[in-house]
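The following questions and answers examine selected features of one protein chain. Please study the sequence and the structure before reading on.

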Amino acid sequence: MPTTQKTLMYLCGFFISLGSVVVICCILGTQAWITSTIAISDSFSQGIVIISYGLFHGKSTQELAEGLQEPGKDFEVLGILNDSSPKSLQSVTILFLVLSLLASLLSAGFTFYNSISNPYQTFLGPVGVYTWNGLSASFIFLSMLLFVGNTQSNHLSEELSQKLYPEFTRGGVAHSYGYSFWLILLVILLNTLTVVVIVLYQKARYQQKQEQRKPMEYAPRDGILF
């Protein structure tokens, strides 16, 4: 059975990993990733389109200086995109988030298992915890980079605007990333904290072992033989 110190430290890591799982689910489930404001015009009117969306769903509204204004629209991001580079990158972004979620779940499983037992296999111990947290942070960071690249370089918002309002000509665009996007940084922080907690336990365990060896090292040779 594990010591009380080990149980407490690994349970702490378990709850932190569980927190990262909850945050990733919020990231996947909420649609406040980005809000884009796009200037539009046609022969009779001009104004802006405001598009807010996440990985799966979004909504758009028009604000026209003159002319007939259309009501707001709800849309599915992947549903209205053709087989194009923006759609492919959006799909890969979702895939990396799902992989990050799975890695965080495995981290939670490994930390809980270590809190109630002393596994003989090396990978089931701290090495496995480090591995899954490293993969989780890497996957979610890649998803962050891919989403930014998709909006900035692939013009995802403009592509969505073109599908929603094909009759308008587009002008300048401004992006504002929402809380769903910035929660990615919280997941990376939680992954790092899980690793730090386990490293601190391993360091404390090593120091305890060293202190237990010192009395034997400095004991008189006759006492050791006796």
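The model discussed here is predicted.

Q: Is V98 buried, partly exposed or exposed?
A: A residue is buried under 20% relative accessible area and exposed over 50%, with partly exposed in between. The relative accessibility of V98 is 34%, so V98 counts as partly exposed.

Q: Is Q62 buried or exposed?
A: Q62 is found in strand β3, residues 57–64. Leaving aside neighbours within four places in sequence, Q62 is in contact with I40, I48, V49, L68, Q69, E70, Y165 and F168. The cut-off for a buried residue is under 20% relative accessible area. Because Q62 has a relative accessibility of 3%, Q62 counts as buried.

Q: How many aromatic pairs does the structure hold?
A: Ring pairs link residues into a cluster, and W33, Y53, F147, Y177, F181 and W182 belong to this cluster. For the structure, the number of aromatic pairs is 15.

Q: Which geometry, stacked or edge-to-face, does the aromatic pair of W33 and F181 have?
A: The ring centres of W33 and F181 are 6.1 Å apart, and the angle between the planes is 70 degrees. Planes over 60 degrees apart count as edge-to-face, so the pair takes that name. The pair of W33 and F181 is therefore edge-to-face.

Q: How many residues apart are W33 and F181, which link distant parts of the chain?
A: W33 is in the loop between α1 (4–29) and β1 (34–41), whereas F181 is in helix α6, residues 179–218. W33 is buried, with a relative accessible area of 0%, and F181 is buried as well, at 2%.

Q: In which helix is F147, the residue that forms a tilted aromatic pair with F181?
A: The centres of the F147 and F181 rings are 6.2 Å apart, with 40 degrees between the planes. F147 counts as buried, at 0% relative accessibility. This pair also links distant parts of the chain, 34 residues apart: F181 is in helix α6, and F147 is in helix α4.

Conventions. Residues are numbered from 1 along each chain as its sequence is written. This is a predicted model: local features need pLDDT of at least 70, side-chain atom pairs count only at pLDDT 80 or more; totals for chains, interfaces and linings use all residues. Side-chain values use heavy atoms; hydrogens and water are left out. Helices (H or I, at least four residues) and strands (E, at least two) are DSSP runs, numbered from the N terminus. Buried means under 20% relative accessible area, exposed over 50%, partly exposed in between (1.4 Å probe, protein chains only). Contact means heavy atoms within 4.5 Å. Rings of Phe, Tyr and Trp (its six-membered ring) pair if their centres lie within 6.5 Å; planes under 30 degrees apart count as stacked, over 60 as edge-to-face and the rest as tilted.
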